Amino acid sequence: MLVSLSIRNIALMDRMQVEFSTGLHVLTGETGAGKSILVDAVALLLGGRAQKELIRAGEEKARVEGVFDLGDCPGVRALLKEQELDEGDELILSREITAAGRSACRVNGSLLPLAQYQAFTALLMDIHGQHTHQALMDEKHHLAYLDASGDDVHRELMAAVKGDYEAWREARKALDKLQKQSEQAGERMELLRIRQKELKNARLTAGEEEDLQRERDRFRHAEKIESGLREAYDAVYNGAAPGADALRRAVSALKPIEGLDEQYAALRERLEGLYYEAEDAGLALRDLLSSLDTDPDRMEAVETRLDLIRRLSRKYGGASTGEMIQKLQEIEAELAGFESLDDDLEAAAKKEKALNKQYQASAGALSAAREKLARKFERDMETQLSDLNMAGTRFRVSLPACAPGPLGSETAAFLIAPNRGEEMQPLSKIASGGELSRLMLAIKTVAARRDGVPSMIFDEIDTGISGRAAQVVGEKMAAIAKERQVLCVTHLQQIAALADHHYLVEKYFEDGRTHTRLTPLSGEDRVNEIARMLGGDVESARKHAREMIRKA
């Protein structure tokens with residue numbers, strides 16, 4: 001239940017604070033006073049569209065805050081616990097919008113995304129605006145009105161159907177994807193096998209290209225390499241004054257005198273070390289000379305192999321031998337996947353069939369439940385319409401089949417015959433404005449018995465009605481207010497007289513600006529307001545207003 005509402009800089013309302021209680025709250029006032037602006041502020045609080053046009057001229061931001069009593073809101077308490085927000089007997093919602101187009105939503109001071117915020121507001125209030133009854137003219141809304149009159153078991157069936165449909169849809173998508181892959185598999189597998197054979201036959205090894213390039217370079221510079229190696233070998237080991245032999249003789253010459261001076265011994269050791277190094281270098285040079293390959297067949301084989309590797313590299317986007325080996329592994333893995341495609345396709349088809357069967361079962365159960373609910377809805381609606389001065393009106397719910405979806409396999413359409421002896425016709429074709437208002441009120445009354453939302457707002461639902469019809473509409477709202485908190489914006493004195501709490505919305509001019517204020521009425525102030533709504537002679541109107549309040 002809404003306990004208090006605080007508004008800051010919404011249209012003509014610069015600052016407004018109003019307290020609410022249980023029962024029927026009626027807001028009246030001259031046309032243009034700002035009654036609908038108040039409803040717009042509540043709509044904003046409940047997560048409605050954040051239009052910067054709502055911000056009072058000259059201000060940078062606007063804010064609306066509502067305090068709710070959670071005594072009759074177990075769903076909200078559960079949601080607070082689930083989301084680990086502060087729990088208590090009250091809930092504070094606030095919404096702020098800025099001229100820059102930003103919006104902030106808070107629950108008990110915690111900033112929440114809009115969708116998460118709306119999960120709370122959907123459990124707190126229901127707004128029926130002055131044009132909402134026009135939704136009855138569109139049959140796509142009728143199923144939602146019917147389902148709203150269902151109990152918890154019905155809602156559980158709806159949730160099961162939605163879940164089963166989503167599971168089936170995902171299975172269907174997976175199956176479609178596999179079927180598409182299967183259709184393309186032949187062409188794809190042929191291409192992959194060509195590439196597999198090509199790369200496999202190449203017998204590539206990682207780093208092979210670099211080794212071949214070095215070998216090719218040796219072939220290309222074979223004469224230069226041999227000349228350099230032989231000249232170095234001769235200088236160390238073979239010439240007329242071989243380096244190693246000269247070092248050996250120098251060592252022999254120093255041996256007899258090394259004991260005479262430490263310097264002789266040190267030089268002998270250095271020369272001996274150089275001799276062994278020269279000997280090893282000479283042997284290495286000899287081995288390189290003997291292993292030098294100048295075979296033209298091998299040179300041609302190296303060039304051919306490098307040419308193959310380079311052609312493959314260009315084909316595969318400049319890949320190295322290591323990357324092409326990785327590509328081969330990927331191709332073989334994809335081919336292996338194609339080999340199991342038939343098994344995957346069979347498994348996916350079985351899963352899709354099973355989930356479709358499950359959906360058909362739950363959707364069938366929901367269809368049967370809707371048939372029963374529709375008959376009860378018809379009886380309840382005819383009772384309500386009789387109370388609303390539409391006695392004799394026949395009301396029927398048609399449930400034509402539709403394509404399977406998250407809401408089931410049927411839609412709904414309301415048909416009425418307002419007068420005896422007439423045929424049933426689609427509501428959208430024959431209902432007048434006044435009848436639409438009463439039909440929507442009847443629907444809200446039926447849904448109120450099941451709906452756990454503790455507060456309802458009616459914004460000029462009395463459009464198109466007057467006289468006795470206005471009286472019964474007011475009485476119906478008063479009856480709803482016995483179970484739910486009801487806020488009603490009205491132009492009709494019959495409804496205003498039935499209020500438990502009456503507020504006057506009016507404009508005034510102060511400090512060069514126009515403002516809107518909300519004033520609780522009681523006693524003679526209330527009599528005067530209802531008399532104003534009645535019009536005519538002032539004293540007669542006051543007398544009539546007192547009588548209406550007394551009878552109410």
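Predicted model: local features only at pLDDT ≥ 70, side-chain atom pairs only at ≥ 80, totals over all residues.
1. Arg-203 is exposed, because its relative accessibility is 68%, over the 50% cut-off. This residue sits in the loop between H5 and helix H6 (208–220). Its phi is positive, about 50°, although Arg-203 is not a glycine.

2. Ala-11 belongs to the loop between strand S1 (2–10) and strand S2 (13–19). With a relative accessibility of 22%, Ala-11 counts as partly exposed, because that class begins where buried, under 20%, ends.

3. Next, the aromatic contacts. The model has seven aromatic pairs. In one of them, Tyr-165 and Trp-168, the ring centres are 6.0 Å apart and the planes stand at 75°, so the pair is edge-to-face. Both residues belong to helix H5 (residues 152–202), where three residues, about one turn of the helix, separate them. Tyr-165 and Trp-168 are both buried.

4. Trp-168 also pairs with Tyr-359: here the centres are 5.4 Å apart and the planes lie at 20°, so this pair is stacked.

5. Helix H10 (residues 296–315) has 20 residues and spans 29 Å from first to last C-alpha, close to the 28 Å expected at 1.5 Å a residue. Its buried residues are Val-302, Leu-306, Ile-309, Leu-312 and Ser-313. These lie on the same side of H10, because they cover an arc of only 125° around the axis. The face turned away from this buried side carries the exposed residues Pro-296, Asp-297, Glu-300 and Arg-314. After H10 comes Gly-317, with a positive phi near 75°.

6. Helix H2 (residues 74–82) can be read in a similar manner. Val-76, Leu-79 and Leu-80 are its buried residues. Their arc around the axis is only 100°, which puts them on the same side of H2. Pro-74, Lys-81 and Glu-82 are exposed on the other side. As background to both helices, an α-helix has 3.6 residues a turn, so residues three or four places apart point the same way.

7. How many cavities of 30 Å³ or more does the structure hold? There is one, and the largest cavity contains about 70 Å³ of space. Its lining consists of Leu-5, Phe-20, Leu-27, Leu-38, Val-39, Val-42, Ile-457, Leu-487 and Val-489. By class these are nine nonpolar residues, with no polar and no charged ones.

8. Which elements each supply at least two residues of that lining? They are helix H1 (35–45) and strand S15 (485–489). The largest share, three residues, comes from H1.

Technical notes
Residues numbered from 1 in each chain as written. Heavy atoms only, no water. 1 Å grid on protein atoms, 1.4 Å probe; cavity = no way out; pocket = protein on both sides within 12 Å on 5 of 7 lines; lining within 4 Å. Points joined across faces, edges and corners; volume = space filled by probe spheres on them. Helix = DSSP H or I, 4+ residues; strand = E, 2+ residues; numbered from the N terminus. Nonpolar A, V, L, I, M, F, W, Y, C, P; charged D, E, K, R; others polar. Expected span 1.5 Å × (residues − 1). Buried < 20%, exposed > 50% of the residue type's maximum accessible area, 1.4 Å probe, protein only. Arc of directions from axis to C-beta. Phe/Tyr/Trp six-rings, centres within 6.5 Å; stacked < 30°, edge-to-face > 60°.
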